[in-house]
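Let's walk through a protein structure together, one place at a time.

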Amino acid sequence: INAEYMGTLSECLFFFAIINMSVTKFALCQLKVTADKAANIANAVKHITEAAQKGAEVVVLPECFNTPYGNAYFPSYAEPIPDGETCVAMAKAAADNKVILLAGSMPEKEGEKLYNTSIAYGKDGAILSKFRKMHLFKLNTETVKFDESETLSPGHELATFKIGDHPVGMAICFDIRFFELAASYGKLGTHMLMYPGAFNMATGPVHWHLHARARAVDNQQFVVLCSPARDESASYIAYGHSLVVDPWGNILAEAAEGEETIFCDVDWSQVDAIRGKVPILAGKRHDLYSVNFQGKQ
């Protein structure tokens, strides 16, 4: 093998290494949730481990992955952070598998208050960030009536963490309906918005994909939604269809209704590429209008 060939080969390997640095393999675990908290935790750990074995660098769990979704369950399933049994198991799973883990959400107990809380763990099992659901779910349709404020309190703070060099904004389910929250994260420079969520059969078919694509296009960044699996026997039936949307509004990966893990290679270079093609963010008229977040950032 001559020196010229070796030089060309080295250049190609370097080029592909640079390309691969901009791509992260995600796994979205659409988990079946039962009334058995210990079994739910064990099932989450099992799926995290399997996802890591298949090459996932980032693993995402659903909203309320350790509890059935419902006001009747939140108080008894709630736990303190970081010392609750779910938190300890998730920290260990992240460290054991060396993945970044967005542990969907779980009922958190602090003092006399309960929150719907999402936690991001680093590859060493340390907590990177924590977000409390800001907009509590309320719905009053013919088929579904629900009000989280009967048991839960709202959060008041933005929360971000990084995947490599890429800032990620955290939110939960109903938060996706409020574009001001997504825009607030956009002002912080996020490249992705993550929404573990449990839309239902009244809102899911009409709004789940619509909101995911709208937030992605509005803010020109990736959007990740992770749902529990659909269980027709549950008192609250989740829609499923966990998905990843790119900054152009394309759905890159989508689950069906049942329990499964889907994988998606996220190419972060698409953020700058799309923003360069359609300079929406640079073209905003801040002299005429603005979104100013009043809580803690």
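Start at Gly-155, which counts as buried because its relative accessibility is 5%; buried means under 20% relative accessible area, exposed over 50% and partly exposed in between, with a 1.4 Å probe and protein chains only. Gly-155 sits in the loop between β8 (145–147) and β9 (160–163). Helices (H or I, at least four residues) and strands (E, at least two) are DSSP runs, numbered from the N terminus. Setting aside neighbours within four places in sequence, Gly-155 is in contact (heavy atoms within 4.5 Å) with Arg-132, Lys-133 and Met-134. His-135 is 20 residues away along the chain, and its C-alpha atom is 7.8 Å from that of Gly-155.

A word on the model: it is a predicted one, where local features need pLDDT of at least 70 and side-chain atom pairs count only at pLDDT 80 or more, while totals for chains, interfaces and linings use all residues. Residues are numbered from 1 along each chain as its sequence is written, and side-chain values use heavy atoms, leaving out hydrogens and water.

Now find helix α2 (residues 37–53). Which of its residues are buried? In α2 they are Lys-37, Asn-40, Ile-41, Asn-43, Ala-44, His-47, Ile-48, Ala-51 and Ala-52. Seen down the axis of α2, these buried residues fall within an arc of 165 degrees (taken from the directions from the helix axis to the C-beta atoms), so they line one face of the helix. An α-helix has 3.6 residues a turn, so residues three or four places apart point the same way. Among the elements covering the buried residues of α2 are β1 (23–30), α4 (85–97) and β15 (260–267).

Finally, look at Ile-280, in the segment after α7 (269–277). Ile-280 is partly exposed, with a relative accessible area of 33%.
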